Amino acid sequence: MQDRAWQDWATKRIAADYRRSADTHLIPVSMPALPDIALYVKDEASHPTGSLKHRLARSLFLYALCNGWLAKGRPVIEASSGSTAVSEAYFAQMLDLPFITVVPHNTAAEKIAAITALGGQCHYVENPREIYGAARALAAETGGHYIDQFTYAERATDWRGNNNIAETIFAQMECEPHPLPRWIVCGAGTGGTSATIGRFARHHHHATGICVADPAASVFHRHWHDRNVMTHDGAPSLIEGIGRPCVEPSFIPTVVDRMIVVEDDQSIAAARVLSRRIGRLCGGSTGTNMWACAMLVSEMAARGEAGSIVTILCDSGERYRSTYYNDDWIAERALDLAPLEARMERFFETGHLD
Ligand SMILES: Cc1ncc(COP(=O)(O)O)c(C=O)c1O
């Protein structure tokens, strides 16, 4: 017999948290060289747990609760590259549930600190591909529930509306000079964000294109071009949270109109330049988005098109002070960022990514 009283209490706790929360800002990014093209970033770092994963964690907990999968005192287990686990630790703590996440051993120390500060425990694996099996095993061992963002991200969020990320972007654009974005650019980790935006655009008859900015080491762009490609070997991307070695069940290639491949050094350089331009420290996946936006803006400018592009500031660079913003870490990886940062600066000055 299900404990409906506990389920009611838990869903009300999450509803109350939602009521206390505000929407995230849509920030214009100044491009004086291109008066007819407008670029905006949706600041998802301003959620209480610091990333776009706050939305996903809320949806996953509600989905699991309403399916009757969570119970008082029953541990919640996740496989994560870090950001989702931070947000899930927040909701688990809110519901007095033990939370254990399996993370790759090289996850940023700042994220681990955030997970543990919220009462979560971390279980480390050497290879990022081991996170799923380890999470499943932990759930079996502890009698816990594996909440499984990679499977459920695309369906836990209501893609038709309910103030999902797509609905808020289109609403916030209403009074802008080009209210209907030509492109919305996002990354894919689970694929949930691109699935929500792509489905929402179709459902509401918006002509906006969905572009996924994908690290070079990721399987997603390979799979988008050839559906038989399901895995990609080689060194994993340095960009946390996006790009995967295996195609995840929540990645829906048919709602993506374009994939842009971005090298890790380009992502980090773009994150650094964008951070200086908007006065907010951005994470690496935001840099991946920014590089792709610069390519799309350059193409539009070359064709003489007017319009707008919206992208996502996925999480704050504060989480990566020891990595992308640490010159020793950059030097250890022999990354030469100066010429790429100069290219991105030139883009902002000229409106053309050379
Ligand atoms: C920092 C960061 N950016 C972007 C994404 C991509 O989001 P999604 O999982 O919705 O594909 C993730 C996902 O893991 C992330 O952690």
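Mentor: Happy to. Let's start with Ile210, which touches Trp183, Ile184, Ser194, Ile197, Gly198, Ala201, Arg202, Val255, Val256, Asp257 and Arg258, leaving out residues up to four places away in sequence. Keep in mind that this is a predicted model.

Trainee: Okay, and where is Ile210 placed?

Mentor: Ile210 sits in strand 8, which covers residues 209–215.

Trainee: Is Ile210 buried or exposed?

Mentor: Ile210 has a relative accessible area of 0%, so it counts as buried. The cut-off for buried is under 20%.

Trainee: What separates the C-alpha atoms of Ile210 and Met259?

Mentor: They are 8.6 Å apart, while along the chain the two residues are 49 residues apart.

Trainee: Let's switch to the ligand. Which residues come nearest to it?

Mentor: There are 16 residues around the ligand, and the nearest are Lys53, Gly189, Thr190, Thr193 and Gly241.

Trainee: Which backbone atoms lie at polar distances from the ligand's oxygen atoms?

Mentor: A polar backbone atom of Gly191 is 2.8 Å from a ligand oxygen. For Gly241, a backbone N or O atom lies 2.7 Å from an oxygen atom of the ligand.

Trainee: And what is 2.9 Å from a nitrogen atom of the ligand?

Mentor: That is an N or O atom in the side chain of Ser285.

Trainee: How much of the ligand's accessible area does the protein cover?

Mentor: On its own the ligand has 380 Å² of accessible area, and the protein covers 96% of that. The space the ligand takes up is also the largest cavity.

Trainee: You listed Thr193 among the nearest residues. Where does Thr193 lie?

Mentor: Thr193 is in helix 8, residues 192–203. With a relative accessibility of 18%, Thr193 counts as buried, because the limit is under 20%. Beyond four places in sequence, Thr193 touches Leu52, Ile165, Cys186 and Ile312.

Trainee: New topic, Arg55. Is that arginine buried or exposed?

Mentor: Arg55 is buried, at a relative accessible area of 13%. Its place is in helix 2, residues 53–66.

Trainee: What does the side chain of Arg55 make a polar contact with?

Mentor: With the side chain of Glu44, at 2.6 Å. Setting aside neighbours within four places, the contacts of Arg55 include Asp23, Thr24, Lys42, His47 and Asn163 as well as Glu44.

Trainee: And Arg321, where does that one lie?

Mentor: Arg321 is in the loop between strand 10 (307–313) and helix 12. Its relative accessibility is 46%, so Arg321 is partly exposed. Leaving out neighbours within four places, Arg321 is in contact with Glu110, Leu281 and Asn326.

Trainee: How many Å separate the C-alpha atoms of Arg321 and Val219?

Mentor: The separation is 27 Å, for two residues that are 102 residues apart along the chain.

Trainee: Last one: which residues have a positive phi without being glycine?

Mentor: Two to look at are Asp96, with phi near 55°, and Ala334, with phi of about 50°.

Trainee: Where do those two lie?

Mentor: Asp96 is in the loop between helix 3 (83–94) and strand 4 (99–104). Ala334 is in the loop between helix 12 (327–332) and helix 13 (338–350).

Trainee: Is Asp96 buried or exposed, and what about Ala334?

Mentor: Asp96 counts as exposed at 61% relative accessibility, and Ala334 is exposed with a relative accessible area of 70%.

Notes
Residues numbered from 1 in each chain as written. Predicted model: local features only at pLDDT ≥ 70, side-chain atom pairs only at ≥ 80, totals over all residues. Heavy atoms only, no water. Helix = DSSP H or I, 4+ residues; strand = E, 2+ residues; numbered from the N terminus. Buried < 20%, exposed > 50% of the residue type's maximum accessible area, 1.4 Å probe, protein only. Polar contact = N/O pair within 3.5 Å; in protein donor to acceptor, adjacent residues only side chain to side chain. Contact = heavy atoms within 4.5 Å. Near = heavy atom within 4 Å. Areas by Shrake-Rupley, 256 points an atom, 1.4 Å probe, with all protein chains shown as cover. 1 Å grid on protein atoms, 1.4 Å probe; cavity = no way out; pocket = protein on both sides within 12 Å on 5 of 7 lines; lining within 4 Å. Sits in = over half its atoms within 2 Å of the grid points.
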